[in-house]
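Visitor: Please take one part of this structure and go through it closely. I would like the metal site first, and then whatever can be said about the side chains elsewhere.

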Amino acid sequence: MTLTLDRALHRDLTAFRRRLHAEPELSGHEHRTHDAVLAYLHAFAPTSVVQHLGGTGLAAVFDSGVPGPTILVRAELDALPIQEVEGPAHRSTNPGVMHACGHDGHATMVAGLAPRLAAVPPSRGRVVLLFQPAEETGAGAAAVLADPRWPALEPDAAIALHNLPGHPMGQVILREGVFSCASRGMSVGLEGITSHAAHPDDGVSPAEAIAELVQRMPKLPAECLPDSFGLVTITHIRAGKDAVFGVTPAEGRFNATLRTDTDQDLSTLSNAAETLLAEIAGANRLPFETTWHDEFAAAVCDPETVALVRAAANDLGLDTIDRDKPFRWSEDFGLFTRGRRGVLFGLGSGESQPQLHNPDYDFPDELIAVGARIFMRTARDLLG
Ligand SMILES: [Zn+2]
Ligand SMILES: [Zn+2]
């Protein structure tokens with residue numbers, strides 16, 4: 001894989017990526033990252049820039065002035081609450097926070113389209129470069145879509161990628177239909193009554209209900225989605241207070257992540273989980289409350305747009321593979337594919353690259369040119 005950009009551009013983008021890596025910010029707090037992207041884009045005079053979009057996101061519009069479609073290219077800005085191990089010179093200077101998902105690289109690829117769009121403007125329509133906040137929590141895409149300035153940016157097609165460690169560098173991973181799963185976090189609070197530990201029957205403990213939830217929730221997908229993929233993963237359980245031996249617990253918590261191939265299956269599984277919870281809590285005389293978190297829609301790729309990415313990859317001499325199943329992880333880009341043409345594709349970031357969210361992950365700079373070139377070619381093809 002020897003795709004390159006103009007040398008000066010590659011040097012600037014590499015420096016930009018490393019700067020983002022050194023100054024990571026958590027979801028919804030990407031203030032300096034917002035300003036760094038804004039400053040970079042400024043030099044290439046976009047037609048307009050929408051700042052603080054959905055909180056700490058921004059969008060740069062390159063408008064041809066000629067009627068035509070709007071093509072959205074989306075990147076993410078947020079880092080993760082992970083302590084980076086001793087690593088490169090550009091390692092995180094923000095303790096406990098690091099770019100372990102490569103969003104520094106994704107943002108750089110999309111920023112790297114600005115000089116190209118400035119040099120060769122779109123022939124018709126518009127290209128919108130979107131830098132969204134808070135992808136890791138699933139809140140950012142929703143916040144962008146809820147921003148009152150969003151309707152003016154509404155695209156006809158949306159494209160995005162995620163780098164994928166474990167795949168050869170530069171390999172393009174495609175799937176028609178669902179690319180990544182829908183998921184949501186279920187958080188259940190149970191509120192019983194304490195009692196003396198010598199007389200547990202005088203209280204109402206959530207312990208048995210939690211034990212039953214732990215046993216039965218993971219079996220739900222097989223019951224309510226016998227013919228499709230579903231997964232319930234327990235992420236946290238708790239009852240009572242640590243280091244207390246004389247009191248039975250009153251308060252308990254059960255958290256799980258629900259995951260399916262489609263948004264419709266996710267609502268089926270969620271309803272089944274709420275029914276089971278009500279049954280178990282009722283049998284144990286436990287009042288409860290449920291809240292839902294980290295909501296991700298399935299990312300759905302339309303075949304025509306997938307074909308354009310495939311053609312771009314082929315022309316650039318990149319290897320492509322098609323996945324037979326969706327990825328189990330979720331990407332909030334799924335919201336941008338709802339009711340719109342769109343594609344999310346994977347870009348191999350090396351077979352020996354540490355996995356995403358590992359503390360020794362670092363986005364490989366040689367991918368910047370590859371992602372930027374696939375994006376540029378696909379966006380121009382979509383403009384027609
Ligand atoms: Zn991530
Ligand atoms: Zn990511």
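Guide: The four donor atoms around the zinc ion (ligand 1) subtend angles of 54 to 150 degrees, so the arrangement counts as irregular. A tetrahedral label would need all angles to lie between 85 and 135 degrees. For comparison, the ideal angle for four tetrahedral donors is 109.5 degrees. The model is a predicted one, and the values below are computed from it.

The donors of the zinc ion (ligand 1) are C101 through SG, E136 through two OE entries, and H357 through NE2, at 2.0 to 2.6 Å. Along the chain, these donors follow the spacing C-x34-E-x220-H. C101 and E136 come from distant parts of the chain, 35 residues apart. C101 is in the loop between strand 3 (70-76) and helix 3 (103-111), while E136 is in the loop between strand 4 (126-132) and helix 5 (140-146). E136 has a relative accessible area of 16% and is therefore buried, the cut-off being under 20%.

The zinc ion (ligand 2) is coordinated by C101 (SG), H103 (NE2) and H162 (NE2), at 2.1 to 2.3 Å. The spacing of its donors along the chain is C-x1-H-x58-H. C101 counts as buried because its relative accessibility is 6%. H103 is also buried, because its relative accessible area is 0%.

H103 belongs to helix 3, where H103, D104, G105, H106, A107, T108, M109, V110 and A111 are buried. That is nine of nine residues, and helix 3 is accordingly described as mostly covered.

Y40 and F44 form one that is tilted, with 5.3 Å centre to centre and 50 degrees between the planes. Y40 has a relative accessible area of 13% and so is buried, whereas F44, at 22% relative accessibility, counts as partly exposed. The boundary between these two labels is 20%. Another pair, F345 and F375, is edge-to-face, with 5.9 Å centre to centre and 65 degrees between the planes. F345 lies in strand 14 (residues 341-348) and F375 in helix 11 (residues 367-383), so this pair ties together parts that are 30 residues apart in sequence. At 1% relative accessibility F345 counts as buried, and F375 is likewise buried at 1%.

Y40 and F44 are also members of an aromatic cluster, which they form with F16.

Two arginines are placed over aromatic rings. R184 lies over the face of W292, at 3.8 Å from the ring centre. The charged end of R323 sits over the ring of F327, 3.7 Å from its centre.

Key. Residues numbered from 1 in each chain as written. Chains lettered and ligands numbered in written order. Predicted model: local features only at pLDDT ≥ 70, side-chain atom pairs only at ≥ 80, totals over all residues. Heavy atoms only, no water. Donors = N, O, S within 2.8 Å, 3.2 Å for Na, K, Ca; no water. Buried < 20%, exposed > 50% of the residue type's maximum accessible area, 1.4 Å probe, protein only. Tetrahedral: all angles 85-135°; square planar, octahedral: opposite > 155°, others 65-115°. Helix = DSSP H or I, 4+ residues; strand = E, 2+ residues; numbered from the N terminus. Phe/Tyr/Trp six-rings, centres within 6.5 Å; stacked < 30°, edge-to-face > 60°. Lys NZ or Arg CZ within 6 Å of the ring centre and 35° of its normal.
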